[in-house]
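Here is a walk through one model, taken piece by piece. Keep the structure open beside the text.

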Amino acid sequence: MKALIKLSLRQMTGRRRLAVLALLVALPIVLAVLMKVLNTNDPQLHEEVVNGVLGGMLISVIMPIVVMALATAAFGNELEDRTLNVLVLKPIPRVTIVLAKLSGSIIVAAPLVVIAGIIITLVGIEGAGLRGVLAAMAALLAGVIAYATVFTWAGLITSKALGFALVYVVLWEGLLTSFLTGVRYLSIRWWTLGILHGADSNAFPNFGQNNIELVAAIVGVAVVTGGFFYLTVRRLQRMDVP
Amino acid sequence: MSSRQATIEVNAVSKWYGSVVAVNDVSFQVYPGITGLLGPNGAGKTTLLHMMAGLAGVSKGEVKVLGQTPRNNPELYRRVGVQSEHEAVYSFLTGRQFVELSADLHGVPDKADAIQRAIQSVNLLEAQHRPMGTYSRGMRQRMRLAASLVHDPDVLILDEPLNGTDPRQRIEFNDLMKRLAAAGKTILISSHILEEVETLAGSILLMVTGKLAAAGDYRAIRAKLDERPFKVRIVSSDNRALASGLIGLAAVESVALDIDGSLMVLSRNVAVLQQSIAKLAQEKQVRLLRVDPLDETLESVFTYVVNRS
């Protein structure tokens, strides 16, 4: 398992890729700092940081992009380079291979996204405190794990995993949830926001948004993570490895 | 042969992808020693090896390796080493790191010694610390072989392991395989080049268009191949004079004049024919312009065996 995770990390942490991802997560941090510095007395600042920077930018756009770039490549690159047989021809259960690949994506993506979330919370949200920080950590970690599981599965079943991930994020989560509010119960973005709001409603109030309930969000993350993990293992067991 | 225990058993195995049949009702056993799996490209060799390695499921029939089904049986890989056809490697790893990865994933005890032995066996100690992305094709193949050997498997399944290797590397490879076979290992090597396994495999399996065309002792099958009539096209300064002489040669079955004026000679002994033509040309004072053996493709050789069997 250790050797597999190490391999996955080396595959995912190319200098250029890490630099681009770090730059991406730096954007909302810089924005939050600028907003704080330039609008010290703005009564809307709290709402703008929560809805605009944390929810609108980090959770809705940057988190899925960061995880997408890593998780779709976890198996995608192995299939493209035809190296997957190097892993499956070893005395390792397929579940361990999937776990290692998934862990690799999460180990790289989570610190980037979670640290960005914590900084934005501490800088932009007055009186967020420890609870606010923990809420941001928990919500973002849950989001990263759920996205990583779905996108890892996509990387194994299709060579067009990036396209699939973009359609899910842009069309399903971005467009459809704004027309059909019920679809929010089937959206990783809205589960993340639901956990954020549910864990600390003072630091992250609704501000008129139709957030979903904490329990529903936790159940959603658990079901999708467990379900897609199972599907990925089953796919790896049943597929003909090139 | 039957008194020995087969290490690989393939029983009435078929594999199809949609309406395309890749392997059609194939049965054979593989015993300790070296067995060559031969056939032209597209004959179904890789599909068959993938089923034996557990990389692909069978559509029908049964495959057993060391008495176990290889599909979804990772524990079996503790005793089986597989080198797939694709030369893909993790180019960012050095050769040694690649073999070490294999040792780690196999849970090899005394890892350092095992890695050293495996790399030494393929004669790549000097290049072991270079990234595999900088290796030649032949070096990549050899380092991949080292990775397949690092856990000292009882069964080795090698898909076109000689691709990209030069003659010297082939000799080294043959020596290594012979040593492993002498140690009681079962080695199955696929190739689309008959001569590659000629000096290596005691027994061969011949695949043609998804079917097993012949199986058994290499020499017996080779003798069958040598018996087949070869077509040779000859162009000379005086084809008619040469033809009259060729008809009298024992190695020649028939001689015909082609539309373009060249001679089409049918022979069952090309080696004798080659010597005789030169001598005959000298006697008849004819200048040989071209001597082209036809029907030399593997497909034609294998098709001949299929038709004969």
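This is a predicted model: local features need pLDDT of at least 70, side-chain atom pairs count only at pLDDT 80 or more; totals for chains, interfaces and linings use all residues.

Start with chain B. It holds ten helices and 13 strands. Its C-alpha atoms fill a box of roughly 75 × 45 × 40 Å along the principal axes. Of the 309 residues in chain B, 42% are buried. Now take the contacts in chain B with a separation of 6 or more. Residues 24 or more positions apart account for 68% of them.

Strand β1(B) covers residues 8-17, and β2(B) covers residues 20-30. The two pair in the antiparallel sense over seven bridges. Y17(B) stands opposite V20(B) in β2(B). The hairpin of β1(B) and β2(B) has two residues between the strands. There, G18(B) takes a positive phi near 65°. Strand β1(B) also has five bridges to β4(B), residues 60-65, and these strands run antiparallel. One place to check this pairing is N11(B), whose bridge partner in β4(B) is E62(B).

Move on to a six-stranded sheet. It is open, with the order β5-β6-β7-β3-β8-β9 in chain B, and its pairing is mixed. The strands β5 (80-83) and β9 (211-217) of chain B stand at the edges. Each has a single partner strand, so one side of each is left without a neighbour in the sheet. Neighbouring strands of this sheet are turned by 15° against each other on average, direction ignored. Inside the order, β6(B) (residues 155-159) and β7(B) (residues 186-191) run parallel and are joined by five bridges. V155(B) has T186(B) as its bridge partner in β7(B). Helix α4(B), residues 137-149, packs on this sheet and touches β5 and β6 of chain B. The direction of α4(B) makes about 165° with that of β5(B).

What is its strand order, and how do the strands pair? The order is β11-β12-β10-β13, the sheet is open, and the pairing is antiparallel. Here β11 (252-257) and β13 (288-293) of chain B are the edge strands. Each of them has a single partner strand, so one side of each has no neighbour in the sheet. The twist from one strand to the next averages 20°. Look at β10(B), residues 230-236. It pairs with β13(B) in the antiparallel sense over five bridges. S236(B) stands opposite L288(B) in β13(B). Helix α8(B), residues 239-247, lies across β10, β11 and β12 (263-267) of chain B. It runs at about 160° to β11(B).

Now turn to chain A and two of its helices. Helix α2(A), residues 15-38, packs with α3(A) at an angle of about 175°, with their axes 10 Å apart. Angles over 145 degrees count as roughly antiparallel, so α2(A) is roughly antiparallel to α3(A). The contact residues of α2(A) include L21(A), V25(A), P28(A) and M35(A). Those of α3(A) include V49(A), M57(A), I62(A) and V66(A). By class, this contact has 17 nonpolar, no polar and two charged residues.

How do the two chains meet? Chain B gives 21 residues to the contact, and chain A gives 16 residues. On the side of chain B that touches chain A, α1 (45-53) and α2 (95-106) of chain B each supply at least two residues. Helix α2(B) gives the most to this side, with four residues. The residues of this side divide into eleven nonpolar, seven polar and three charged.

Finish with the cores. The largest nonpolar core has 151 residues. Among the members that touch the most others are V66(A), V113(A) and A146(B). Helix α3(A), residues 45-80, contributes the largest share of this core, 17 residues. Leaving aside its neighbours within four places in sequence, V113(A) is in contact with V25(A), M63(A), V66(A), L140(A) and V144(A). A second, separate core has 13 residues, including L246(B), V255(B), I277(B) and A281(B).

Terms used
Residues are numbered from 1 along each chain as its sequence is written. Chains are lettered from A and ligands numbered from 1 in the order in which they are written. A nonpolar core is a set of buried Ala, Val, Leu, Ile, Met, Phe, Trp, Tyr and Cys residues joined through C-beta atoms within 7 Å. A residue is buried if 20 or more other C-beta atoms lie within 10 Å of its own, exposed if 12 or fewer, and partly exposed in between; C-beta atoms are placed from the backbone. Two residues are in contact if their C-beta atoms, placed from the backbone, lie within 7 Å. Ala, Val, Leu, Ile, Met, Phe, Trp, Tyr, Cys and Pro count as nonpolar, Asp, Glu, Lys and Arg as charged, and the others, Gly among them, as polar. Two strands pair if DSSP finds at least two bridges between them. Axes are lines fitted to C-alpha atoms, for helices over the stretch in contact, and angles run from 0 to 180 degrees between N-to-C directions. Angles under 35 degrees count as roughly parallel, over 145 as roughly antiparallel, 65 to 115 as roughly perpendicular and the rest as oblique.
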